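Student: I have a structure to work through. Can we take it step by step, from the whole chain down to single residues?

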Amino acid sequence: MEDSPRYAVEATGTSIAVLEALIDAPGPVGVTEVAEELDIAKSVVHNHVSTLRAAGYVTKRGTEYGPSARILALGDRIRRGFPVYRYSKEAVDNLAAATGETTLLAVREGSHAVPIYIADGTTDWSRPFGVGEQLPLHATAPGKCLAASLSDDTLDGLFGDTSLEAFTDATITDVPTLRTELRRVRDDGFAFCRGEHTEGVVGVAAPIPEMEASRPAALGVCGPARSLSGRYLEEDIIGQVLSTTKTIQVALADI
């Protein structure tokens with residue numbers, strides 16, 4: 001249950017929708033295409049595109065528009081503002097190289113776990129998410145680790161007593177069951193996700209506790225269930241994830 005604005009600014013929402021439409025498009029597009037995609041007037045789209053272009057977030061090529069590279073700079077500046085990223089990046093890279101699996105570092109934003117850095121492994125697996133995407137706390141391994149560190153009051157504010165969104169048949173959808181799962185995560189020091197967010201995708205993660213100079217985070221490894229299974233997942237991968245989180249905690253303690 002997340003906060004909603006009391007007085008939403010419609011123009012801001014429209015600008016964001018226009019910018020996201022330009023980002024999602026396969027290439028530069030015209031005002032007409034964006035207007036049809038968003039079901040708003042061409043004149044409205046043109047005004048927002050022109051404003052975004054003046055601010056440096058949109059470029060124009062002939063009669064078509066696309067997102068500017070300035071957006072990349074914003075993301076990089078945001079990420080570098082996380083001490084846990086600066087002091088974990090090398091360890092995340094090393095874990096991906098050692099396991100050959102996709103490795104990620106995530107922080108919490110509301111009821112979501114957000115990967116702020118991903119190191120791809122050596123397999124040909126194509127991960128179904130990217131840096132900055134919002135992943136549900138209750139249906140991912142990093143998310144469970146982040147949720148497990150929260151107080152009961154905070155959990156009540158996030159989830160209340162309502163049913164949780166189901167992404168697959170394996171998703172935990174009731175809050176009491178989730179609370180039981182989070183207690184297990186606290187006791188064990190790691191979390192699993194077995195096809196709970198995306199069918200056929202398995203993950204394991206361990207928490208990186210909050211420290212004086214850094215907010216809580218979670219380190220995870222994920223991949224296809226066909227290869228991440230059995231002792232390889234439950235002993236080898238977990239062992240390396242836990243060892244890496246300890247390395248990161250030592251680095252953060254020295255800040």
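Tutor: Start with a cut-off: a residue is buried when its relative accessible area is under 20%. Keep in mind that this is a predicted model.

Student: What percentage of the residues of the protein chain count as buried?
Tutor: Apply the cut-off of under 20% relative accessible area. The chain has 255 residues. The share that counts as buried is 43%.

Student: Why is H7 largely enclosed by the rest of the structure?
Tutor: Check its residues against the burial cut-off. The buried ones include Lys 144 as well as Pro 142, Gly 143 and Leu 146. H7 is largely enclosed because the buried residues number 8 of the 8.

Student: At the start of H7, which residue's backbone nitrogen does a side-chain oxygen of Thr 140 reach?
Tutor: Thr 140 sits at the start of the helix. Its side-chain oxygen comes to within 3.1 Å of a backbone nitrogen. That nitrogen belongs to Gly 143.

Student: How many residues of the largest nonpolar core come from H7?
Tutor: The largest nonpolar core has 29 residues, and Leu 137 and Phe 159 have the most contacts inside it. Among the elements that each supply at least two of its residues are E3, E4, H7, H8 and E8. The largest share comes from H7, with 5 residues. A second, separate core includes Phe 82, Ile 116, Ala 119 and Ala 206, and its residue count is 28.

Student: In what order do the strands of the open sheet run?
Tutor: The sheet has 6 strands, and the pairing is antiparallel. Strand E5 (135-136) and E6 are the edges, each pairing on one side only. The order is E5-E4-E3-E8-E7-E6.

Student: How many residues of strand E3 are buried?
Tutor: E3 covers residues 102-109. In the sheet order, E3 stands between E4 and E8. The strand is mostly covered, and the buried count is 6 of its 8 residues.

Student: What is the bridge partner of Leu 104 in E8?
Tutor: E3 pairs with both neighbours in the antiparallel sense: with E4 (residues 112-119) over 7 bridges, and with E8 (residues 217-224) over 5 bridges. On the E4 side, Leu 104 is bridged to Ile 118. On the E8 side, the partner is Gly 220.

Student: Which residue in the turn between E3 and E4 has a positive phi?
Tutor: These two strands form a hairpin with 2 residues between them. The phi in question is about 65 degrees. The residue is Gly 110.

Student: Which residue in E7 stands opposite Phe 192?
Tutor: Move to the other end of the sheet. E6 and E7 pair antiparallel over 4 bridges. Opposite Phe 192 stands Val 204.

Student: How far apart in space are Phe 190 and Gly 220?
Tutor: Gly 220 is the E8 residue bridged to Leu 104. In sequence, Phe 190 and Gly 220 are 30 residues apart. From C-alpha to C-alpha, the distance is 9.4 Å.

Student: What is the relative accessible area of Ser 68?
Tutor: Ser 68 is in the loop between strand E2 (64-67) and helix H4 (70-80). Leaving aside neighbours within four places in sequence, it contacts Gly 56, Tyr 57, Val 58 and Thr 59. Ser 68 is buried, with a value of 10%.

Notes: Residues numbered from 1 in each chain as written. Predicted model: local features only at pLDDT ≥ 70, side-chain atom pairs only at ≥ 80, totals over all residues. Heavy atoms only, no water. Buried < 20%, exposed > 50% of the residue type's maximum accessible area, 1.4 Å probe, protein only. Polar contact = N/O pair within 3.5 Å; in protein donor to acceptor, adjacent residues only side chain to side chain. Pairing = 2+ DSSP bridges. Core = buried A, V, L, I, M, F, W, Y, C linked by side-chain atoms within 4.5 Å. Contact = heavy atoms within 4.5 Å.
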